[in-house]
Amino acid sequence: MNSRKVATAMLASGLFIGLAGCSLMPNRGSVQPTSTYRIDPQESAVEPLTLPAVCPDLRVVTPTAAPGFGGTAMRYSTAPFQIADFAYHRWTAPPAAMLGPVLVERLRADGLFGHVLDAGSGGDAPLQLETRLIDLTQVFVGQQSHIRLTVGSTLIDTANNRTLATRRFAIEVASAPNPVAGVGATNQAIEQWLDKESAWLRQLSRSGLCSGIHGLQPTREP
């Protein structure tokens, strides 16, 4: 896209946000309640494993967040490299904190690991999964928008703190150009991320990654 088209797109985006998206910006003197939203993805359609777990226990630590995404603000962007907060729409908790429980729930349902421990569980686990929320933004372009979700994951052998594998997941989901629709699209993006995270770990297990971890045999309660 040449510079003239970029300028035209940015102008159109700005006009749209200013005219149609009045809820994005606070009106001086007005009192409007703030709506809050939670991350609540639908259950996966992927069938869980029916065979015994092939990997030892895994601990999922609390996800961290990149600068700008550690709070409860819902972020949007109307221009490259620019982010701002919706005025009257927020998350009930920092999004990174809400990713941890849904990831644990998903990996437990998958059945790939003997046990999947959350950050508050006691005991040791031979494997540890660290995740980082890098980007969660509703991007407005003209009269359209989409959710941009980026999450980084690192699988660690805890015996020697050795990194076994890393992966960066980048997902975009189209959304109607308003923050409420963006919440629905965010949950769809997280569903896709959970599917990709699960598929990545299954691929690692098929490559034999789990078989040699500390020489431990995977365990799982019947």
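Reader: Which residue in β8 is the bridge partner of Q138?
Author: The bridge partner of Q138 in β8 is I147. Strands here are DSSP runs of E with at least two residues and helices are runs of H or I with at least four, numbered from the N terminus. This is a predicted model, in which local features need pLDDT of at least 70 and side-chain atom pairs pLDDT 80 or more, while totals for chains, interfaces and linings use all residues. Residues are numbered from 1 along each chain as its sequence is written, and side-chain values use heavy atoms, with hydrogens and water left out.

Reader: OK, and how do β7 and β8 pair?
Author: Strand β7, residues 127–141, pairs with β8 in the antiparallel sense over 14 bridges; pairing requires that DSSP finds at least two bridges between the strands. The two strands form a hairpin with two residues between them, and G142 in that turn has a positive phi of about 60 degrees.

Reader: What about β8 and β9, how many bridges there?
Author: β8 and β9 (residues 162–175) are joined by 13 bridges, again in the antiparallel sense, and T154 has T166 as its bridge partner in β9. These strands also form a hairpin, with four residues between them.

Reader: Why is β8 called largely enclosed?
Author: Because 11 of the 14 residues of β8, which spans residues 144–157, are buried, the strand is largely enclosed by the rest of the structure. Buried means under 20% relative accessible area, exposed over 50% and partly exposed in between, using a 1.4 Å probe and protein chains only.

Reader: Switching topic: is R75 buried or exposed?
Author: R75, which is found in strand β4 (residues 73–77), is buried, with a relative accessible area of 16%.

Reader: What does its side chain make a polar contact with?
Author: The side chain of R75 makes a polar contact with the side chain of D85 at 2.4 Å (N or O atoms within 3.5 Å, one able to donate a hydrogen and the other to accept it; residues adjacent in sequence count only if both atoms are side-chain atoms). Setting aside neighbours within four places in sequence, R75 is in contact (heavy atoms within 4.5 Å) with residues including F69, F86, L136 and Q138.

Reader: How many cavities are there?
Author: The structure holds two cavities of 30 Å³ or more, a cavity being a set of points on a 1 Å grid where a 1.4 Å probe fits but cannot get out, lined by residues with an atom within 4 Å of a point. The largest has a volume of about 70 Å³, and its lining includes R75, Q138 and I147. β4, β5 (84–91), β7 and α3 (179–206) each give two or more residues to that lining.

Reader: Last one: where does F81 lie?
Author: F81 lies in the loop between β4 and β5, and has a positive phi of about 70 degrees although it is not a glycine. At 91% relative accessibility, F81 counts as exposed.

Reader: What about N161, buried or exposed?
Author: N161 is exposed, with a relative accessible area of 63%. Its place is in the loop between β8 and β9, and its phi is near 55 degrees, a positive value in a residue other than glycine.

Definitions and conventions. 1 Å grid on protein atoms, 1.4 Å probe; cavity = no way out; pocket = protein on both sides within 12 Å on 5 of 7 lines; lining within 4 Å. Points joined across faces, edges and corners; volume = space filled by probe spheres on them.
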